[in-house]
Amino acid sequence: MNLWRAYQQALAAHPWKVQVITAGSLMGVGDIISQQLIEKRGLEKHQVHRTLTMAFIGCSFVDYPDALITNYYIWPTVQLANFYLIPLAYRLAFVQCVAVIWNTYLSWKSHQS
């Protein structure tokens, strides 16, 4: 619980910095989980560069204004359609198709010069 209180205090004192670090850390943890539990790479075959890249992407896109604004245009509408218009059996496929478009946008946005 002391760790949680320290996190809350840091978040209150430096909200933007803590959110950036949190998002990047969670993206990195997600990649570690993917490599170790899903792909079963083992520690010797773990791609550290890939984990660091994912963490960097997570840090780069927190409160990034263009991506955040675009997110608010796309995802609420997609989810409303998903829950009210798309039959249950097709909801995952629908969201994943939109996610491909979203990820393409994020990739393009992150590599613009």
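**View 1. Trp75 and its partners away from its own stretch of sequence.** Skip the neighbours within four places in sequence, and Trp75 is in contact (heavy atoms within 4.5 Å) with Val95, Val98, Ala99 and Trp102. This is a predicted model, where local features need pLDDT of at least 70 and side-chain atom pairs count only at pLDDT 80 or more, while totals for chains, interfaces and linings use all residues. Residues are numbered from 1 along each chain as its sequence is written, and side-chain values use heavy atoms, with hydrogens and water left out.

**View 2. The largest nonpolar core.** Zoom out from Trp75 and you get nine residues: Ala67, Trp75, Val78, Val95, Val98, Ala99, Trp102, Tyr105 and Leu106. A nonpolar core here is a set of buried Ala, Val, Leu, Ile, Met, Phe, Trp, Tyr and Cys residues joined through side-chain atoms within 4.5 Å. Buried means under 20% relative accessible area, exposed over 50%, and partly exposed in between, with a 1.4 Å probe and protein chains only. Helices are DSSP runs (H or I, at least four residues), numbered from the N terminus. Ala67, which lies in α4, counts as buried at 5% relative accessibility. Its C-alpha is 22 Å from that of Leu11, 56 residues away along the chain.

**View 3. Two aromatic pairs.** Searching the whole structure turns up two of them. Rings of Phe, Tyr and Trp (its six-membered ring) pair if their centres lie within 6.5 Å; planes under 30 degrees apart count as stacked, over 60 as edge-to-face and the rest as tilted. Trp4 and Tyr7 make a stacked pair, because their ring centres are 5.6 Å apart and the planes sit at 25 degrees. Both residues are in helix α1 (residues 2-13), three residues apart, so about one helical turn separates them. Tyr7 is partly exposed, with 28% relative accessibility. Then there's Trp75 with Trp102, an edge-to-face pair at 6.5 Å centre to centre and 80 degrees between the planes. Trp75 sits in α4 and Trp102 in α5, so this pair ties together parts 27 residues apart in sequence. Both Trp75 and Trp102 are buried.

**View 4. Where α1 meets α2.** The two axes come within 5 Å and cross at roughly 125 degrees. Axes are lines fitted to C-alpha atoms, for helices over the stretch in contact, and angles run from 0 to 180 degrees between N-to-C directions. The helices are therefore oblique to each other; angles under 35 degrees count as roughly parallel, over 145 as roughly antiparallel, 65 to 115 as roughly perpendicular and the rest as oblique. On the α1 side the contact uses Tyr7, Ala10, Leu11, Ala12 and Ala13, and on the α2 side Pro15, Val18, Gln19 and Thr22. Pro15 belongs to α2 (residues 15-38) and is partly exposed at 41% relative accessibility.

**View 5. Lys40 and its positive phi.** Lys40 has phi near 50 degrees, a positive value in a residue other than glycine. For background, most residues other than glycine have a negative phi. Lys40 is found in the loop between α2 and α3 (48-61), and is exposed with a relative accessible area of 64%.

Key. Helices (H or I, at least four residues) and strands (E, at least two) are DSSP runs, numbered from the N terminus.
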